[in-house]
Amino acid sequence: MNRHLSRWYGESPLQILLLAASFALAGYAGVRLLENDAWAVAAWFVGAALVHDLLLVPVYSLADVAAQKALGDRSRTTMTYVRVPAFLSGLLLLVWFPLITRRREDHYVLVTGHSGDAFLPRWLLLTAVLFAASALWFVAVTFLAPASPWRQARRARREERARERERERQRRKETKERPPSDH
């Protein structure tokens, strides 16, 4: 049965089960979300899609081009160390935007009884930690890993110097063994 299903579907039955459970959960959440005010939710989704596509995608693109120019001629993998923390920080800003900007602080205080003053400093601290961790990871991968390009280039330079020294030794040995040309 598993082989037949894998041959027909291409993956394991566990993946089908997980996908079905995910779709069921998303369907349940959609039904619960739309039962109160379907038009407002639909308008919110359409508005969010339009804002993302018409406003945020150009901003992402410009920020990426600016970061590439600021870092100079770097490979695409180097840009990952900037893109990942920027994406995670942006996602956190998007999720907690009303509290970070203190637009809904009064509502937050009424519901929780706690002050909303800590959201902006914590988001800034978390953003700094994300970029610092990414920078440390970049340093570890670039300079400390045995297979890092930096170490490979250093090893290649050392080997080239050793070959050059050996050629120089060989040349000196050959000139010492030759008889002088003016005899």
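Author: Glutamate 160 and arginine 163 are three residues apart in helix H7 (residues 149–177), so about one helical turn separates them. Helices (H or I, at least four residues) and strands (E, at least two) are DSSP runs, numbered from the N terminus. The model is predicted: local features need pLDDT of at least 70 and side-chain atom pairs count only at pLDDT 80 or more, while totals for chains, interfaces and linings use all residues. Residues are numbered from 1 along each chain as its sequence is written, and side-chain values use heavy atoms, with hydrogens and water left out.

Reader: At what N to O distance do the side chains of glutamate 160 and arginine 163 meet in a salt bridge?

Author: A salt bridge requires a side-chain nitrogen of Lys or Arg within 4 Å of a carboxyl oxygen of Asp or Glu. Glutamate 160 also forms a salt bridge with arginine 167, at 3.1 Å. For glutamate 160 and arginine 163, the N to O distance is 2.8 Å.

Reader: Is glutamate 160 buried, partly exposed or exposed?

Author: Buried means under 20% relative accessible area, exposed over 50%, and partly exposed in between (1.4 Å probe, protein chains only). Glutamate 160 has a relative accessibility of 35%, so the residue counts as partly exposed.

Reader: Which residues are linked with Glu160 in a network of salt bridges?

Author: The structure holds eight salt bridges. One of them joins glutamate 168 and arginine 172 at 3.4 Å, N to O; these two are four residues apart in helix H7, so about one helical turn separates them. The network that includes Glu160 links this residue with Arg163, Glu164 and Arg167.

Reader: How many aromatic pairs does a search of the whole structure find, and how are the rings of tyrosine 81 and phenylalanine 138 arranged?

Author: Rings of Phe, Tyr and Trp (its six-membered ring) pair if their centres lie within 6.5 Å; planes under 30 degrees apart count as stacked, over 60 as edge-to-face and the rest as tilted. The search finds three aromatic pairs. The ring centres of tyrosine 81 and phenylalanine 138 are 5.2 Å apart and their planes stand at 65°, so this pair is edge-to-face.

Reader: Which helices hold tyrosine 81 and phenylalanine 138?

Author: The two residues are 57 apart in sequence, so their pair ties together separate parts of the chain. Phenylalanine 138 is partly exposed, at 26% relative accessibility. Tyrosine 81 lies in helix H4 (residues 76–100), and phenylalanine 138 in helix H6 (residues 119–144).

Reader: Is the pair of tryptophan 96 and phenylalanine 119 stacked, tilted or edge-to-face?

Author: The ring centres lie 5.7 Å apart and the planes are at 25°, so the pair is stacked. This pair links distant parts of the chain, 23 residues apart, with tryptophan 96 in helix H4 and phenylalanine 119 in helix H6. Tryptophan 96 is partly exposed at 39%, whereas phenylalanine 119, at 18%, counts as buried. The arrangement of the pair is therefore stacked.

Reader: Which residues does serine 89 touch, not counting those up to four places away in sequence?

Author: Serine 89 is found in helix H4 and counts as buried at 6% relative accessibility. Contact means heavy atoms within 4.5 Å. Beyond four places in sequence, serine 89 touches Trp123, Thr127 and Leu130.

Reader: How many helices and strands does the chain have?

Author: Of the 183 residues, 9% count as buried. From the N terminus on, the elements run α-α-α-α-α-α-α. The secondary structure comes to seven helices and zero strands.
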